[in-house]
Amino acid sequence: MNSNTITREQLAGMFDHTLLKAFATKEDFRKLCEEAKELNTAMVAINSSPVKWCKEFLSGTSIHVGAAISFPLGQTPIEIKVAETKKAIEDGADEIDYVINVGELKGGNLAFIEEEMRQMVAVCRENDVLIKVIFENCYLTKEEIKAVAEIAKKVKPDFIKTSTGFGTSGATVEDVRLMKETVGSEVQVKAAGGIRDWETCAAMIDAGATRIGTSSSIKILEGWDQAHQG
């Protein structure tokens, strides 16, 4: 996808329209889903608790409900991540975004990261659900980012993802490009965290991202409109 030729509809269809705040209410999720319907986004990105509500709010549409698992720290055992995933799918989740155990990665335990990914991908494949692996790049070296991307190239989740948006920084063009160059055509890349305007979004797309996680979908589309006036 090229940001210079992308249509407004194609852009909206790349968005995971996001609400992950701890204080979000049922009415906030209703508003999120109404916005997603109006924009025709790919998905609403939420924590696992409100999945049933959002599935109900989006009934009759093609918009997916995506559950964030072990969010935002990733510091739960593999079996708990799997159990939370199964519950989210039971409640209606169409997509799963889970956070890797960054501590295990920083300790050099790549075998753990691969086993975690294999189990998470397996439960999603069994249920015909898309799965995205959140790296949380702000805590990782370039070598660690590449190492996890190499594991993903073998295990083949649907997406690898830059960030939760709750770390010390979010997506960078450099990291998106590194992730995409590593996985090639085997896996897609989702950029998330700090993407709040069209210029930043366009840069992520041109670096190789095919999904954009953002709570600023409306603002980004307004920026696209301004860029394409006349």
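## Basis of the model

Because the structure is a predicted model, local features are reported only at pLDDT of at least 70 and side-chain atom pairs only at pLDDT 80 or more, whereas totals for chains, interfaces and linings use all residues. Residues are numbered from 1 along each chain as its sequence is written, and side-chain values use heavy atoms, with hydrogens and water left out.

## The largest pocket

The largest pocket has a volume of about 430 Å³. Two or more lining residues come from each of strand 2 (43-47), strand 3 (64-69), strand 7 (188-192) and strand 8 (209-214). By residue type, the lining of this pocket divides into 10 nonpolar, 10 polar and 5 charged residues.

Several terms apply here. A pocket is an open set of points on a 1 Å grid over the protein atoms alone, where a 1.4 Å probe fits, with protein on both sides within 12 Å along at least five of seven lines, and lining residues have an atom within 4 Å of a point. Grid points are joined across faces, edges and corners, and the volume is the space filled by probe spheres set on the points. Ala, Val, Leu, Ile, Met, Phe, Trp, Tyr, Cys and Pro count as nonpolar, Asp, Glu, Lys and Arg as charged, and the others, Gly among them, as polar. Helices (H or I, at least four residues) and strands (E, at least two) are DSSP runs numbered from the N terminus.

H17 lies in strand 1 and is buried, with a relative accessible area of 2% (buried means under 20%, exposed over 50% and partly exposed in between, with a 1.4 Å probe and protein chains only). Its side chain makes a polar contact of 2.8 Å with the side chain of E35, and the side chain of H17 also makes a polar contact of 2.8 Å with that of S217. A polar contact is a pair of N or O atoms within 3.5 Å; within protein, one must be able to donate a hydrogen and the other to accept it, and residues adjacent in sequence count only if both atoms are side-chain atoms. Not counting residues up to four places away in sequence, H17 touches L32, E35, A36, T41, M43, V44, A45, T214 and S217, where contact means heavy atoms within 4.5 Å.

S217 is also one of the buried residues of helix 10 (residues 217-227), together with I220, L221, G223 and W224. Seen down the axis of helix 10, these buried residues fall within an arc of 155 degrees, so they line one face of the helix; the arc is that of the directions from the helix axis to the C-beta atoms. The buried residues of helix 10 pack against helix 1 (8-12), strand 1 (15-18), helix 2 (26-39), helix 9 (198-207) and strand 8.

## E144 in helix 7

E144 is found in helix 7 (residues 142-155) and, although its side chain is of the charged class, E144 is buried at a relative accessible area of 15%. The side chain of E144 reaches the backbone nitrogen of T141 at 2.9 Å. Leaving aside neighbours within four places in sequence, E144 is in contact with L105, K106 and Y139.

## Backbone features in two loops

The loop between strand 3 and helix 4 (78-91) holds P72, and the peptide bond from F71 to P72 is cis, with omega near 0 degrees. S70 lies in the loop between strand 3 and helix 4 as well; S70 has a positive phi of about 55 degrees although it is not a glycine, and S70 is buried, with a relative accessible area of 7%.

K156, in the loop between helix 7 and strand 6 (159-161), has a positive phi of about 65 degrees and is likewise not a glycine. K156 counts as partly exposed, at 36% relative accessibility.

## Partly exposed helix residues

R177 is found in helix 8 (residues 173-183) and is partly exposed at 39% relative accessibility. The C-alpha atoms of R177 and M204, 27 residues apart along the chain, are separated by 8.3 Å.

K86 is found in helix 4 and counts as partly exposed at 48% relative accessibility. K86 and N127 are 41 residues apart in sequence and 8.9 Å apart in space, C-alpha to C-alpha. K87 lies in helix 4 too and is partly exposed, with a relative accessible area of 41%, while the C-alpha atoms of K87 and S62, 25 residues apart along the chain, are separated by 21 Å.
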